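Reader: I have a structure open and would like to talk through its side chains with you. Could you take my questions one at a time?

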Amino acid sequence: MASAFPDQTLPPTPDASEGVKQALAYLTNVPAWYLATSVDGQPHVRPFSFAAEQDGKIWFCTAKTKDVWEELVQNPKFEATAWWPGHGWLILRGVAGFEDRARPEMREMGYRHLTTLGEAYDGPDDARLVFFSVEEPKAWICGHGEGDWKPIEL
C-alpha cells in the first residue's frame, strides 16, 4: 500500500480485514485527514495523519498534552474523514479505545511520524505519546452520486 509518509507506515497484518485495509488506504494515502470530537455540544475538528493497524484494529497516535486527548477522555466518540482524490472519501465513526497496547514497531512509527511533523518527544516510549484503537467502528466509502455511501465491514 502506498502512503503519504512511506517510511512511516506499517503494512497491515494478516489479522486485518479487507475493510480495515481499505480504510487504512484512505487514511495513509493522503497527507492529512480530519478527526472530530465533541465536548459539551461543541464539535472540534483537527487534522491527523498517523494511522496504523495492529491486532486487526485501526490505531491512531497523539499526545496526552493535546486538547484532542482531553476531549476523547471526556467523550470517546469520534468521527474521522479522509478525501482521497479519484477514490471518493472515507467516513469512519468509532469510540476511542484507551488501552494503549501499541507494539514497539508501531510506537517507533508513531514517534517518527509526529517528529517529522515538527513535534518533539524523548523517543517512542515518551510517556506523553498515546496510541488509541478504533472500537465499535463503522465506516463508509462515499462518492458524489445519490445513494453513493457504501458501508465497509471493519
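Reader: How do the residues of the lining of the largest pocket divide into nonpolar, polar and charged?

Author: Happy to start there; this is a predicted model, in which local features need pLDDT of at least 70, side-chain atom pairs count only at pLDDT 80 or more, and totals for chains, interfaces and linings use all residues. Residues are numbered from 1 along each chain as its sequence is written, and side-chain values use heavy atoms, with hydrogens and water left out. Ala, Val, Leu, Ile, Met, Phe, Trp, Tyr, Cys and Pro count as nonpolar, Asp, Glu, Lys and Arg as charged, and the others, Gly among them, as polar. By that grouping, the lining of the largest pocket has eight nonpolar, three polar and three charged residues.

Reader: Which element gives the most to the lining of the largest pocket?

Author: A pocket is an open set of points on a 1 Å grid over the protein atoms alone, where a 1.4 Å probe fits, with protein on both sides within 12 Å along at least five of seven lines; lining residues have an atom within 4 Å of a point. The largest pocket is lined by 14 residues, with Pro47, Phe48, Ser49, Lys66 and Glu119 nearest its centre. Two or more lining residues come from each of strand 2, strand 4 and helix 3, where helices (H or I, at least four residues) and strands (E, at least two) are DSSP runs numbered from the N terminus. The most, three residues, come from strand 2.

Reader: What is the volume of the largest pocket?

Author: Grid points are joined across faces, edges and corners, and the volume is the space filled by probe spheres set on the points. For the largest pocket this comes to about 190 Å³.

Reader: How many residues apart are Asp55 and Arg101, the pair that links distant parts of the chain?

Author: Asp55 and Arg101 form a salt bridge, with their closest N and O atoms 3.8 Å apart; the term means a side-chain nitrogen of Lys or Arg within 4 Å of a carboxyl oxygen of Asp or Glu. Asp55 sits in the loop between strand 3 (52-54) and strand 4 (57-63), and Arg101 in the loop between strand 6 (88-97) and helix 3 (104-116), so the pair links distant parts of the chain, 46 residues apart.

Reader: Is Asp126, which meets Arg128 in a salt bridge, buried or exposed?

Author: The N to O distance between Asp126 and Arg128 is 2.6 Å. Buried means under 20% relative accessible area, exposed over 50%, and partly exposed in between (1.4 Å probe, protein chains only). Arg128, at 31%, is partly exposed, whereas Asp126, at 8%, is buried.

Reader: In which element do Glu108 and Arg112 both lie?

Author: Their closest N and O atoms are 3.0 Å apart in a salt bridge. Glu108 is partly exposed at 26%, and Arg112 is partly exposed at 40%. The two are four residues apart, about one turn of the helix, and both lie in helix 3.

Reader: Where is Asp40, a residue other than glycine with a positive phi, found?

Author: Most residues other than glycine have a negative phi. Asp40 has a phi near 55° and counts as exposed at 78% relative accessibility. Asp40 is found in the loop between strand 1 (33-39) and strand 2 (42-48).

Reader: How many disulfides does the count come to?

Author: A disulfide is a pair of cysteine sulfur atoms within 2.5 Å. Cys61 is buried at 3%, and Cys142 is buried at 2%. By the distance rule, the count of disulfides is zero.
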